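Welcome! Try each task before you read its solution.

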Amino acid sequence: MGHGQIVLGQEQRRRLLAMGIRFFLAAALTASQAPGGYAPFALGCVAAAGAGPLGAAALAGTALGTVLFLRFSQALPHMAAAVLLFTAAQAFRGSCLLTKRRTVALTAAGLFLAVGSIYVIQSLSPADHAAPCAAAAVLTGLSTWYFQPLLAQERERLEPDSLLLLGAALLLALADVTVGELSLGRALLNTLLLYTACQRGSTAGTAAGLGIGLMTDVCTASGGVLFGGAYGLGGLLAGRSGGRRSRAALWYLTGVFAALLPVHHALAAPLLLEAVFGTGVFWMLPGKLFDGKRVLRAPAADSGGRERLRAQLNRTAAALRDLYDSMGRGPGPSTEENPAIVFDRAAEKVCRGCALCDLCWQREYTGTFNALNDATPYLLERGRAMAKDFPAYFADRCIHLQDFLAAINGELSAFLLRRQYRRQLEETRRSAQGQYAQLSDLLTATAAGLGEAVPASAAAAESRIGAALRPKEGESVCGDTVMSFRTEGGLLCLLLADGMGSGEGARKESALTCRLLRQFLEAGIEPEAALKTLNAAMALRGAETGSFTTVDLITCRTETGEAAFYKFGAAPSYVKKGGTVRRITGGTLPVGLRGTPASPDVTRATLAPGSFAVMVSDGVADPGRDEWLQDLLAGWEGDDPQELAGLILRESIRREGLQDDCGIQVLYLPGPHGKSV
């Protein structure tokens, strides 16, 4: 009997502990709010807890959180949805209708939407409240899906993805706890994402960064994908660190900085500060948390898993592309108000009780209309109304002119504020639309790269590279930048960027362009997608600095000779084989001059053994009179690319006189008997 009492007591304590956990989780998650005053994570907790005492504890916790964190107008729909979720779980308890995880998640989202839509329809502006309600419904369903393995009765199991989302939701509850501009919750969110990427690799880091970043964008109402882009790129780069803490921290900050560099947003600076703080916390984590870090080993063949990941990335990209298309489909209704509404509302306040109302607005309506119409341009230009704006016949007749002017000025201020808000909202919408398109392109390119990746251990064919730089006459530094590297997939890349102008300013712009492009390519992003993203980012930067940069990129699979020439405003390139020279040109503008998504000029070629690929900046040879350069290449019979680069530079100085910066890079694929260095 005593043994039975001990077992019963342990079971009761375990049940009370489980109820307490759900109670406090639901209360804390109510502080994680989306625009519109919704608390979807708390509702997901209630739905995941299900029926019985555990669900009742979650419902009670939600009630406490509602009192603490929500206003009365927000509390009513929130508690109505929570009660409905618990009631549905109780009603179908023991049946097979709500046993599957997907069904529970969809039911939670649907019931929330049913309750929320009632309040949206009854609001003064249903169109403005529809989108936040829909976003909260999606978050309710997703949180139910991920929370259920942790919170459902008799199904408790610790899934890493579920723990990650729960931790992120709890940290978002601390987003409003700030020290200066730094949000404590979002700073610790960086620590969580960095730890996840370091421990689980680039795939999990990218998925976690994109998912939690987009969730943060929704909760902070950033108006775009600011956090999604920064966290996603940071997680992608940190995951490629091989589980090394220092390298993961460095790459994470690099990714966040690269994503925020072209962004002009009020949250950009705090986000970067939060990333630095979160990385510092990551450094201070106990070493035993990293005891199980990943060990680099040859990857096992997993074509099925690769295909599933590839399909998932493609589906995500398609969803973002559909969202982008839906935002731009159709011209949409005009959002500009007619200025006449200013006079209508002022007349309602002043003229309705006036003794001359019938005279002004019925018998003399045409004269009144003309007087107000003539005064409108002066009101809009000055921002306030004055008696001299109105004709004498109207001003002399109006017995409440000063009251009418005061009413007009009040309504005019509100009208101008509404106009400014709508224009800012439209600008934010266009910016978000472009960001969705760029994310879609990046995910599509990453999915394509999964099927074409070359093992890093594959032996790369021999190749040699020569380069030469010379600044413009009178300058101490060259504004051109050359760079060459090989990615983990075995792709050889040669870069040449020419910054606008010359000197130190041009060098900084060209070096920045090459550095960012290299990071994209080394992260496994396809060259065309990387260049399109870079162009859009540099266009935002160029809007402030007024600068632009030409980009010349050659990629080559040296084992097969397959090469591609990508150009954004760059000078011609040349392919030499024996005495034959092929000239490769492009007509696209430099990066930074076009804000809309623009594709580079792409020319594909096969470099036979013994071939040279030569890239030059426009200071080396005028594209309109480069016959001398083609003749030089056709007649040269050496096999040293560095010697060829030096020869081109010397001849260019003799002919052009260093009127601009000169940059040259030469790739040589040795023949069967060629020597390598």
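**Exercise 1: a residue and its patch**

Phe 72 lies in helix H4. The model is predicted: local features need pLDDT of at least 70 and side-chain atom pairs count only at pLDDT 80 or more, while totals for chains, interfaces and linings use all residues. Residues are numbered from 1 along each chain as its sequence is written, and side-chain values use heavy atoms, with hydrogens and water left out.

*Task.* Decide whether Phe 72 is buried or exposed, and find which helices each supply at least two residues of the nonpolar patch.

*Solution.* 
1. Phe 72 counts as exposed because its relative accessibility is 65%; exposed means over 50% relative accessible area, buried under 20%, and partly exposed in between (1.4 Å probe, protein chains only).
2. On the surface, Phe 72 forms a nonpolar patch with Leu 76, Ile 118 and Tyr 119, together about 420 Å² of accessible area.
3. The helices are H4 (72-91) and H5 (101-122).

**Exercise 2: an open sheet**

*Task.* Work out the order of the 5 strands in the open sheet, and say which are the edge strands.

*Solution.* 
1. The order is E4-E5-E6-E7-E10, with antiparallel pairing; strands pair if DSSP finds at least two bridges between them.
2. At the edges, strand E4 (480-486) and strand E10 (601-606) each pair on one side only.
3. From one strand to the next, the twist averages 10 degrees.
4. Between E4 and strand E5 (residues 492-499) there are 7 bridges; Phe 485 has Cys 493 in E5 as its bridge partner.

Definitions and conventions. Helix = DSSP H or I, 4+ residues; strand = E, 2+ residues; numbered from the N terminus. Axes fitted to C-alpha atoms, helices over the stretch in contact; angles between N-to-C directions. Patch = residues over 30% accessible without salt bridge, like charges linked within 9 Å, V, L, I, M, F, W, Y side chains within 5 Å. Areas by Shrake-Rupley, 256 points an atom, 1.4 Å probe, with all protein chains shown as cover. Salt bridge = Lys/Arg side-chain N within 4 Å of Asp/Glu carboxyl O.
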